[in-house]
Amino acid sequence: MPSDRASLGLKIAAFAGLLFLHLPILLIFVYAFTTEDRTYQWPPPGLTLKWFGVTWNRPDVWEALTLSLKVAAISTALALVLGTLCAAAVSRARFFGRETVSLLVILPIALPGIITGIALRSAFNLGGIPFSTLTIILGHATFCIVVVYNNAVARFRRISGPMLEASADLGANGFQTFRYIVLPNIGTALLAGGMLAFALSFDEVIVTTFTAGQQATLPIWMLEELVRPRQRPVTNVVAMMVVLVTFLPILGAYYLTRGGSETAGGGK
Amino acid sequence: MAALARLTDPLSDLFWRRPRVLLVLLLAPPLLWLVVVYIGSLAALLVQSFFSIDEFTGLIKHEFTLKTYAELFRPANFDIVIRTTVMAAAVTIAAAIISFPIAYYAARYARGRMKAFFYLAVMLPLWSSYLVKVYAWKLILAKEGILTWAVDGIGASAVLNAILALPVIGGNSLSVSYIGTFLVFLYVWLPYMILPLQASLERVPQNLLEASDDLGASRRQTLRHVILPMAMPGMIAGSIFTFSLTLGDYIIPQIVGSSRNFIGQAVYAHQGTAGNIPLAAAFAVVPIVIMGFYLWVAKRKGAFDAL
Amino acid sequence: QMTTIGAGEGQVDIVAWPGYIERGETDPNFNWVTKFEEATGCKVNVKTANTSDEMVALMNEGGFDLVTASGDASLRLIAGKRVQPVNTDLIPSWSTVDERLKNAPWHTVDGVHYGTPYMWGPNVLMYNTEVFPEAPTSWNVVFEEMTLPDGKSNSGRVQAYDGPIHIADAAQYLMTHKPELGITSPYELNADQYAAALDLLRTQRTLVGRYWHDAFIQMDDFKNEGVVASGSWPFQVNILKSEGLPIASVIPAEGATGWADTTMMHVDAAHPNCAYMWMEHTLSSNLQSDLSVWFGAVPSVPAACSDGRGMQTQEGCDANGLADFEKIRFWTTPVSKCESQGECVPYYRWVSDYIGVIGGR
Amino acid sequence: MTDAVEFDRVSRHFGTVRAVDEVTLTIAESSFFAMLGPSGSGKTTCLRLISGFERPSSGHVRIFGAQSDDLPPNRRPVNTVFQDYALFPHLNVRDNVAYGLMVRGVDKRARHAAAEEMLALVKLEGYGDRKPAQLSGGQRQRVALARALVNKPKVLLLDEPLGALDLKLREAMQDELKALQQRLGITFVFVTHDQGEALSMADKVAVFNDGRIVQIGSPEEIYQRPRTRFVADFVGSANVLPPEFCASVGAPKTWASLRAEVIGLTAPGAGRIDGTVAGRRYLGPVNRVTVMAGGTALSVDLPASAAAPEPGASVGLTWDEGALHRMEEG
Amino acid sequence: MTDAVEFDRVSRHFGTVRAVDEVTLTIAESSFFAMLGPSGSGKTTCLRLISGFERPSSGHVRIFGAQSDDLPPNRRPVNTVFQDYALFPHLNVRDNVAYGLMVRGVDKRARHAAAEEMLALVKLEGYGDRKPAQLSGGQRQRVALARALVNKPKVLLLDEPLGALDLKLREAMQDELKALQQRLGITFVFVTHDQGEALSMADKVAVFNDGRIVQIGSPEEIYQRPRTRFVADFVGSANVLPPEFCASVGAPKTWASLRAEVIGLTAPGAGRIDGTVAGRRYLGPVNRVTVMAGGTALSVDLPASAAAPEPGASVGLTWDEGALHRMEEG
Ligand SMILES: Nc1ncnc2c1ncn2[C@@H]1O[C@H](COP(=O)(O)OP(=O)(O)OP(=O)(O)O)[C@@H](O)[C@H]1O
Ligand SMILES: Nc1ncnc2c1ncn2[C@@H]1O[C@H](COP(=O)(O)OP(=O)(O)OP(=O)(O)O)[C@@H](O)[C@H]1O
Ligand SMILES: [Mg+2]
Ligand SMILES: [Mg+2]
């Protein structure tokens with residue numbers, strides 16, 4: 001169609017926008033290679049690979065990384081179970097309060113993170129729950145549910161109704177239907193949701209500062225390091241690695257949900 | 001397998017006879033979680049906002065009072081509320097404007113590889129470490145930072161200085177001005193606007209655009225009368241994020257800004273450094289109320305489907 | 001109150017100012033934790049806090065054994081019953097503590113000791129030596145609009161501390177420049193004196209781009225934001241100097257406020273034995289000496305300046321203000337029933353008003 | 001002989017909507033039963049009452065004499081061909097067809113053999129390895145059929161199975177379905193809103209309106225002797241004549257139906273009533289002429305071979321004595 | 001008189017797909033022109049070439065004599081009724097209809113008046129304030145029509161506008177559309193894959209296959225004298241007879257078509273050829289009997305009033321001399 005070509009202005013605006021989104025990230029990457037380790041001198045006086053080695057040998061990086069992985073894995077698992085159950089219920093039946101449920105799920109990300117954080121913190125205080133890995137996980141799982149939910153509910157919508165009935169009609173009981181029909185069909189959506197939840201948890205800092213005790217997840221470690229640097233390029237090396245590492249699940253999620261109605265990652 | 005099926009049959013039959021039982025079983029865990037852990041916490045927070053603290057020892061007095069709310073309306077505190085809301089609105093509007101071409105291009109013109117490229121190009125910054133992005137901006141905006149370096153390089157320092165000389169939003173350098181804070185907010189939350197906007201633009205059927213064209217509308221008219229109104233739910237969904245995230249952030253204005261507090265900082269400071277949990281809670285109620293209203297409007301506009 | 005020290009519990013959790021408890025991470029030469037851990041088996045966990053208010057909040061929240069509280073926090077902690085009396089008999093090195101500090105009012109109430117002195121020092125005026133070839137002699141460079149020696153205005157190039165206690169710095173400045181106000185202590189201000197101090201701070205607001213809150217961010221600002229003068233701690237001065245930047249510090253003519261920190265123990269400390277061991281360690285080892293070099297502070301144990309166990313020297317101690325003890329007005333919490341006059345503006349007003357001033361009110 | 005399906009005053013209400021309202025019917029074993037009616041008239045709900053996806057609000061459904069109200073769908077001797085087929089997209093054609101056997105625990109070899117047999121029956125040999133997405137509409141329809149038939153149901157339910165197919169294919173599938181039903185001797189219950197489909201395939205047709213059955217009978221009965229205006233209107237291209245009209249042509253003063261193809265045109269005055277030609281449409285085999293007569297517009301189908309009068313012409317209308325069929329008004 | 005639309009050897013290729021392939025046609029002013037063809041035959045593409053959403057790969061499209069290849073869609077004196085209506089969901093009915101006037105800068109009062117007038121024309125007075133979602137399918141269709149007509153186009157394009165409607169409604173809309181076209185005198189170009197629709201409404205029908213026009217002519221020509229097997233097959237329920245069959249009944253040895261309703265049954269031996277009844281279907285007005293004769297299955301439509309033979313019976317087939325229509329094989 002003749003009009004189906006973007007105007008030059010639109011193209012420029014779109015790509016300028018993308019550029020705006022990417023230059024700062026490139027900057028981080030550049031600083032991961034700088035030879036200067038105290039100040040952020042621009043342009044960098046020289047480039048080196050030594051910070052990768054330094055980073056590798058820093059035990060605190062490994063500790064923070066381990067904690068982050070642990071928290072992200074457990075929160076994701078919890079969110080997967082809870083988000084899927086919720087999505088199943090909501091897409092299964094119309095019931096009173098159905099709207100409220102979807103609102104409730106969205107709330108932890110629709111309200112500012114600091115609200116979630118401070119609310120959880122004061123609740124833990126009131127409840128006398130000491131801050132620990134558990135409290136971090138509680139917080140993370142709460143806002144990860146929605147990511148799984150969003151992905152799952154879109155997929156459930158696609159398979160609900162006739163397909164489930166067809167299965168029952170052919171003699172399968174509820175559990176068989178779940179095993180043979182539901183699970184294979186929502187599998188990729190769950191995987192995508194799980195990946196996004198994982199990435200979300202892995203990068204979370206605001207809620208975590210409130211729910212963490214003395215442990216530092218990777219972002220908390222980074223917050224400390226950015227403000228009180230020991231070897232600044234190390235922070236940038238870690239940041240770069242985190243970007244690259246979270247990028248893989250995102251990519252995976254994209255390919256898993258492509259063509260579907262879900263917008264993977266839309267609900268960070 | 002069949003044997004197992006026989007075992008589960010009675011339960012399956014029960015679910016068929018009493019569908020509510022299944023529904024309750026499905027809903028119970030997530031609802032318990034969300035209601036007990038999350039809503040419970042919010043309630044706990046809300047309750048605290050009706051307490052007050054002993055000014056000297058900093059210990060909470062567990063007695064009902066509205067004193068803390070009165071505190072919220074003192075000029076110094078009220079300024080914070082206004083300042084934050086205005087910033088959130090400005091960021092949201094700017095994000096909508098900047099997002100639109102990107103989302104529009106990605107939704108309507110990008111195909112195949114280009115589409116994947118756009119998707120990933122939006123996702124990458126979204127998922128890059130928030131802290132590192134903010135810190136990168138500090139380096140860019142600093143008085144002796146990269147932007148100054150670049151602006152000097154192209155000989156445009158006069159322009160930069162003129163911008164910095166603007167009252168209220170200007171300042172000594174970009175990194176200590178509202179402009180700087182605004183830029184960083186805008187940068188960090190932009191992807192949250194692009195994604196839902198793109199999703200809703202993708203949902204505008206091609207044939208509506210053709211219909212508009214067919215009825216004699218120019219491209220601009222089609223944009224104004226068909227595309228924009230139909231992209232509205234997506235825009236509102238995106239603005240839920242940009243607005244809410246700006247309302248609640250405390251790290252950005254602390255690293256890039258003029259030390260004037262935002263709600264997030266106030267909440268953080270009052271609960272953390274000042275130990276004034278009741279006032280922090282009262283501050284926290286502000287975004288809850290604002291977002292509550294916002295969500296209500298969004299729901300009526302059907303923005304949830306675009307989330 | 002404890003009467004004996006038992007075996008260590010394996011760890012001790014401490015709230016401390018940044019730079020106060022180093023384990024060689026920033027600079028391998030400054031490490032006074034590892035040896036302690038090896039000797040006692042008590043692992044040291046440190047949570048840094050940037051303001052006294054934050055420290056009080058953390059202690060109120062609980063979960064810590066010790067805190068390095070400044071004078072504007074210590075009395076609040078004692079009044080709030082967040083800290084417990086310390087049995088000095090269990091701390092052999094108590095006897096070596098500076099006599100001027102042993103019974104200091106910020107940790108001794110009714111003759112009961114609530115902690116062991118840690119470190120003290122002045123809030124100095126840090127400046128850029130390229131802009132100030134000669135050290136500034138007055139705090140006016142951060143309080144009043146003026147042309148600096150490099151010919152440019154100070155507007156946007158100075159900073160101030162982002163804590164309500166900074167009101168005391170303003171009050172101290174007024175003690176010299178507006179004697180008619182009759183201020184005798186910057187921590188005890190009546191309504192008029194207080195209003196004058198706030199006015200001064202409002203002027204200052206027009207000069208300050210960003211207030212400093214965090215020592216390291218302040219250092220960044222001196223490097224990247226063109227900040228040339230600010231109230232600061234010797235800690236920042238020393239680090240910037242060591243990086244070869246043109247930075248120096250001075251105590252101007254008006255004098256300085258200062259901090260005197262006390263290691264205090266939480267009432268519900270979970271690791272009291274390790275806590276006592278740490279307190280002894282702070283007084284007995286090279287910590288006092290090295291820390292005073294590192295932080296630019298004055299040790300609470302005078303012998304640390306000269307006994308050669310650490311890096312500090314007598315000259316160093318003198319440079320850090322050992323002799324200025326009387327000149328420094330140490331941080332204390334402003335209360336409404338003050339000694340010097342009948343009714344003073346209490347601290348909680350300082351908190352909210354200072355937020356207001358920074359916000360432009 | 002027991003009936004295959006029996007509805008005994010069955011109602012199904014959704015809130016205030018009476019989707020099915022006091023329906024009583026019997027479906028004979030081995031018959032081809034069609035449910036015909038406009039959209040929303042309750043056909044699908046009736047089918048779902050048989051398959052067990054809905055439960056009666058009141059009344060009882062019996063399948064082969066057994067009260068089945070408490071039997072979940074997976075235990076009823078009934079299978080369904082869904083309107084949009086509802087094939088499992090993640091399974092290939094063979095596994096789709098074998099699904100019912102798998103959940104019953106039939107081993108792999110046996111169920112694959114049975115599936116291949118069914119695929120042969122619906123003329124889809126060799127398609128076993130394809131995914132449903134790789135099939136055309138007609139092929140999917142046949143997979144859905146095979147998948148239902150492999151369970152050897154006693155009753156096969158079909159909910160507008162041909163709705164999504166285009167005309168040519170639909171006609172071909174109609175023939176195939178009819179032949180299959182006769183060969184297998186299974187009871188077919190077929191839902192449609194296309195009266196041609198119902199008439200040409202069914203042994204018995206139930207016409208639904210608003211949750212009720214308005215007429216039940218053989219295709220000929222339904223087409224030639226509609227009981228109510230609604231049936232006449234819905235089922236065929238019959239002219240529905242008001243009582244006044246009937247009276248004016250000497251018939252009893254009731255509502256009546258008169259099919260378009262039984263009316264003949266003659267000279268004005270020579271017929272039972274005179275009228276004016278208002279329009280003419282070429283339909284291929286016939287010309288449909290619209291004649292205004294006695295205040296009513298009547299359609300008259302004339303063989304295309306006969307000359308059709310021009311609009312505006314005056315004509316007389318004739319029909320055989322018995323062609324005018326009296327009806328209730330309902 | 002200039003023609004409304006003229007295609008001069010127009011092709012439109014998408015990659016290797018020849019959606020429209022060297023099509024030449026003219027559409028007379030004020031006529032009702034139908035494009036008929038199976039799915040994918042290029043009908044929509046032709047329409048889009050007229051409206052300007054596609055541009056020819058080669059050849060030229062002229063609208064009222066003016067070469068319009070470079071005219072964007074919003075400047076052509078042409079409006080479209082889209083298949084699924086493409087109503088703007090966020091605008092109410094009135095604003096939908098007034099849209100074309102709004103973008104032309106007509107002031108609010110005037111355009112609302114014009115919109116109300118159009119709504120009256122399509123019998124939707126009083127619906128102006130509803131949103132499209134609150135309308136039934138037929139009502140939406142009429143809004144789409146009003147929206148296109150308000151611009152007073154010289155040519156109105158309709159892309160299967162009735163496809164989504166059910167039978168009764170479709171028939172009613174056919175009448176309305178035809179009447180409207182006659183009243184307004186606008187050129188209608190109508191796309192459909194339903195031959196009944198094309199025959200009954202159009203003045204001229206173009207039958208498409210594979211991007212080419214295989215036959216173009218009046219409905220009668222198309223139905224009674226199909227030029228090729230494809231047309232005979234696609235357009236009507238005609239029996240397509242192979243050359244051998246024709247030779248065996250004494251006709252020239254070519255492909256031929258023979259419509260089902262022109263065949264009569266008689267006693268074996270008394271007709272042109274004998275056969276065996278293979279099946280029978282009741283279609284309401286007629287019984288369709290399938291007869292195997294000369295190796296070919298022939299459909300014979302008998303009036304329902306006549307007795308239809310049972311399957312298995314031997315019969316003779318008769319038809320008038322001219323009924324057998326010779327065709328090309330294509
Ligand atoms: N689950 C339900 N909840 C509420 N109303 C329902 C439900 N299922 C059906 N209905 C209503 O019951 C009535 C009958 O619906 P049903 O699906 O049986 O009609 P139908 O004859 O199959 O129509 P169609 O030809 O459109 O498929 C309709 O008014 C429909 O809206
Ligand atoms: N934009 C396009 N890109 C590629 N191929 C196309 C495009 N538009 C149409 N085609 C192809 O051109 C051929 C003709 O398409 P067209 O839509 O004109 O058919 P149609 O006759 O309208 O069919 P239908 O009845 O299904 O609407 C088809 O094979 C189609 O796949
Ligand atoms: Mg139905
Ligand atoms: Mg088409």
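Colleague: Let's start with one residue: is D:K152 buried or exposed?

Modeller: Keep in mind that this is a predicted model. D:K152 sits in the loop between helix 4 and strand 7 (155–159) of chain D. A residue needs over 50% relative accessible area to count as exposed. D:K152 has 61%, so this lysine is exposed.

Colleague: What is the phi of D:K152 near?

Modeller: Most residues other than glycine have a negative phi. D:K152 is not a glycine, yet its phi is positive. The value for D:K152 is near 50 degrees.

Colleague: Staying in chain E, which residue takes a positive phi in the hairpin of strand 15 and strand 16?

Modeller: Strand 15 (residues 286–293) and strand 16 (residues 296–303) of chain E pair in the antiparallel sense over 8 bridges. There are 2 residues between the strands of this hairpin. The residue with a positive phi, near 55 degrees, is E:G294.

Colleague: Which residue of strand 16 of chain E is the bridge partner of E:T290?

Modeller: Follow the antiparallel pairing of strand 15 and strand 16 of chain E. Across from E:T290, the bridge partner is E:S299.

Colleague: Now strand 17 of chain E: which residue stands opposite E:L265 there?

Modeller: Strand 13 (residues 264–266) of chain E pairs with strand 17 (residues 314–318) of chain E in the antiparallel sense, over 3 bridges. Find E:L265 and look across to strand 17 of chain E, and you land on E:L317.

Colleague: Which residue of strand 17 of chain E stands opposite E:T276?

Modeller: Strand 14 (residues 273–282) of chain E pairs with strand 17 of chain E as well, again in the antiparallel sense, over 4 bridges. Opposite E:T276 you'll find E:S314.

Colleague: Over to chain D: how many of the 11 residues of helix 2 are buried?

Modeller: Helix 2 (residues 93–103) of chain D is mostly covered. Its buried residues include D:V97, D:Y99 and D:L101. The cover includes helix 7 (162–169) and helix 8 (174–203) of chain A, along with helix 3 (108–121) and helix 4 (137–149) of chain D. The count of buried residues in helix 2 of chain D is 9.

Colleague: Which residue of chain B does C:D353 touch?

Modeller: C:D353 has its place in helix 13 (residues 347–358) of chain C. This aspartate is buried, with a relative accessible area of 17%. Leaving out residues up to four places away in sequence, C:D353 touches C:Y194 and C:L198 in its own chain, and from chain B it touches B:R74.

Colleague: What radius of gyration does chain C have?

Modeller: Chain C comes to 13 helices and 14 strands, and its C-alpha atoms fill a box of roughly 60 × 50 × 35 Å along the principal axes. With 361 residues, a compact globule would have a radius of gyration near 21 Å. Chain C agrees with that, at 20 Å.

Colleague: What about the radius of gyration of chain B?

Modeller: Chain B has 14 helices and 2 strands. Its C-alpha atoms fill a box of roughly 80 × 70 × 40 Å along the principal axes. A compact globule of 307 residues would be near 19 Å, but chain B has 25 Å.

Colleague: How much of the accessible surface of chain B belongs to carbon and sulfur atoms?

Modeller: Of the 307 residues of chain B, 63% count as buried. The accessible surface of the chain comes to about 11,500 Å². In chain C, carbon and sulfur atoms supply 50% of about 12,300 Å². For chain B the share is 71%.

Colleague: Last one: which chains share the most contacts?

Modeller: Some chains don't meet: chain C and chain D do not touch, with their nearest C-alpha atoms 54 Å apart. No contact joins chain C and chain E either, and their closest C-alpha atoms lie 44 Å apart. There are 8 pairs of chains in contact, and the pair sharing the most contacts is chains A and B.

Note on methods: Residues numbered from 1 in each chain as written. Chains lettered and ligands numbered in written order. Predicted model: local features only at pLDDT ≥ 70, side-chain atom pairs only at ≥ 80, totals over all residues. Heavy atoms only, no water. Rg over C-alpha atoms; globule rule 2.2 N^0.38 Å. Buried < 20%, exposed > 50% of the residue type's maximum accessible area, 1.4 Å probe, protein only. Areas by Shrake-Rupley, 256 points an atom, 1.4 Å probe, with all protein chains shown as cover. Pairing = 2+ DSSP bridges. Contact = heavy atoms within 4.5 Å.
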